[in-house]
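Dear colleague,

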Amino acid sequence: MFGQLKWWEKSTFHTVLLVSVSVWAVPLGFLLYYSWKGEGIGNYVAVLRLELFTKFLQNSAIVSFFVVTLLVLLVALASFAFSKMEFPGRDLLFYLALFGLMIPPSAMLVPLFQTIKAFGWINTYMSLIGPEIALMSSFAMLITRNFFDEIPNELFEAARIDGAGTFKQFAHIIVPLGKPILTTAGIIVFLHSWNEYLMPLAFISDKTMLTITMAPSHFIDEYTANYNKVFAAMVLMSIPIILLYLFGQKYLQRGLTSGAIK
Amino acid sequence: MTRGKYQWIGYAYVLPIFLFLILFVYFGIVYNVYISLFEWDGIGEKTFIGLQNYLEMFRDPKVYEALLHTFQFMAISVPCSMLLGFIFALLLHSIRRFADAIKAVIFLPYVMAIIVIGITFQMIYEPNYGLLNEALRSVHLDGLARQWIGSRNLALASIAAVYVYSHAGFYMLLYYTSILNINAEVFEAAEMDGAGALTKITRIVAPLLKSTHIILLILGVIATLKVFELVWIMTGGGPGGATELLSTFVFRSALLQFEQGYSAAISVLMLMIALVYTIFQLKSYDKARR
């Protein structure tokens with residue numbers, strides 16, 4: 001956009017950019033440095049040897065897997081109907097489905113706690129999976145529906161003439177053509193689910209059922225004063241996120257921007 | 001689409017996700033309103049008390065404080081994130097090399113778990129040997145070393161700064177993409193008129209991105225209404241209630257003090273604020289777009 005910059009414009013821009021990137025890099029560097037301080041790799045080994053840490057990782061992986069799989073499937077089905085079918089109350093239902101976008105999760109604690117207790121889901125994976133799917137579905141539905149709207153209706157009409165029912169259309173048109181947006185939704189939902197803090201804090205008291213975001217506070221209580229190991233745990237739990245960012249950048253950026261600018 | 005004929009099968013496709021929404025969202029909203037009319041510890045008998053919880057809420061100075069803190073948090077974090085995000089996006093457009101690496105550094109805090117960011121900054125803000133005060137002392141600015149999150153005056157702003165740190169990347173991304181979408185001819189025409197970089201920014205980019213500014217403002221306000229984790233992790237609402245938000249207040253009264261009825265009433269207040277704000281903003285957004 002800037003074309004040719006004058007030398008002083010260029011040097012001002014580069015200086016400001018260098019300073020801001022340094023400010024942003026310092027806390028990340030501090031996180032790494034502090035996790036290494038003391039026993040170096042030993043901090044990491046110690047954390048990985050803790051049975052509970054691997055248990056937390058496993059719990060997070062299970063919860064995130066089910067959240068992502070179920071949510072992507074159910075949202076794809078619903079967005080298909082919202083985008084390509086005509087039925088009474090469709091638009092009203094779609095707006096209702098977007099409700100979750102504005103709801104502060106903390107304002108749902110009282111009812112969620114009672115619902116989860118009534119179903120006997122306290123201290124189970126379901127207490128984390130259910131609310132997460134419900135609260136994340138609005139965003140996922142917004143971006144997938146926008147994307148499906150761009151798929152030409154003629155494809156579906158042609159399929160119908162060939163005698164394909166709605167499920168065949170879903171399997172043969174929506175799934176293959178919608179792959180990019182479904183991947184995007186899956187990545188964003190995975191990040192959110194992996195990082196989720198409020199739900200396990202509220203609904204899990206059995207420490208073997210805690211997820212990875214609970215590890216830092218748990219280890220601070222358990223191993224007082226050994227903050228270096230807590231930091232090592234925080235680096236370890238960020239690795240999947242960083243990998244996903246590096247490999248899924250394009251999808252992630254497209255999803256976040258298409259959810260906002262439309 | 002088949003004209004004039006409804007596809008009733010559509011309901012079957014939307015039903016599964018609606019089961020989740022009904023169970024965890026719609027039922028929850030109604031249940032909040034219902035429970036707010038009772039005095040209840042969550043386990044024993046409910047006592048119907050009508051609107052008592054609401055009357056109490058409107059008389060409770062702690063609720064007003066939490067509301068004030070929520071707005072203060074918003075007033076600091078939303079404009080700062082927008083401004084920084086805008087500046088970063090512009091700067092990124094001024095370079096050719098390293099842009100991806102720089103984007104990654106600024107964006108990573110946004111995708112990392114808030115607990116990781118929160119605890120890292122807890123250590124940075126630590127008054128005796130924390131990185132921030134150490135750095136200030138090392139350049140002989142001892143006078144600026146502070147208690148940061150330990151002081152009533154600075155705690156909220158210090159946490160808001162961390163929030164800006166973790167969210168600026170998102171704002172940057174949206175501004176960056178919006179700038180990409182501006183027609184290049186506009187800039188070429190400006191260059192022919194002899195416009196420098198600063199003129200281009202203030203006269204072309206900033207006004208052309210009006211709808212991005214509005215969208216980010218809306219999203220920013222809604223996102224700050226949802227803030228809970230960062231405050232809960234860093235100060236738990238303290239010191240002395242200095243960082244208590246509506247969200248931490250609700251968490252405390254619902255799950256630690258077992259005042260289900262009262263916290264339901266405050267939840268209803270939060271939902272009303274979010275709903276009224278969303279409707280109001282969407283209307284003004286529509287108007288601005290036309």
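Findings

In chain B, Phe98(B) sits in the loop that joins helix H3 (61-93) to helix H4 (99-111). The model is a predicted one. Although Phe98(B) is not a glycine, its phi is positive, at about 65°. Phe98(B) is classed as exposed because 12 other C-beta atoms lie within 10 Å, and the cut-off for exposed is 12 or fewer.

His140(B) also has a positive phi, of about 60°, without being a glycine. This residue is placed in the loop between helix H6 (131-138) and helix H7 (155-180) of chain B. His140(B) counts as exposed, with 8 C-beta neighbours inside 10 Å.

A further backbone feature of chain B is the cis peptide bond from Gly238(B) to Pro239(B), with omega near -10°. Pro239(B) belongs to the loop between helix H11 (229-234) and helix H12 (246-256) of chain B.

Turning to chain A, there are two domains: domain 1 (1-36) and domain 2 (51-260). Their centres, taken over C-alpha atoms, are 33 Å apart. The contact between them involves four residues from domain 1 and five residues from domain 2. On the domain 1 side, three of the residues are nonpolar, one is polar and none is charged.

Finally, the two chains meet: 74 residues of chain A are in contact with 77 residues of chain B. On the chain A side, H1(A) gives the largest share, 13 residues. That side has 55 nonpolar, 15 polar and four charged residues.

Yours sincerely,
A colleague

Note on methods
Residues are numbered from 1 along each chain as its sequence is written. Chains are lettered from A and ligands numbered from 1 in the order in which they are written. This is a predicted model: local features need pLDDT of at least 70, side-chain atom pairs count only at pLDDT 80 or more; totals for chains, interfaces and linings use all residues. Domain bounds come from an automatic or database domain assignment. Two residues are in contact if their C-beta atoms, placed from the backbone, lie within 7 Å. Ala, Val, Leu, Ile, Met, Phe, Trp, Tyr, Cys and Pro count as nonpolar, Asp, Glu, Lys and Arg as charged, and the others, Gly among them, as polar. Helices (H or I, at least four residues) and strands (E, at least two) are DSSP runs, numbered from the N terminus. A residue is buried if 20 or more other C-beta atoms lie within 10 Å of its own, exposed if 12 or fewer, and partly exposed in between; C-beta atoms are placed from the backbone.
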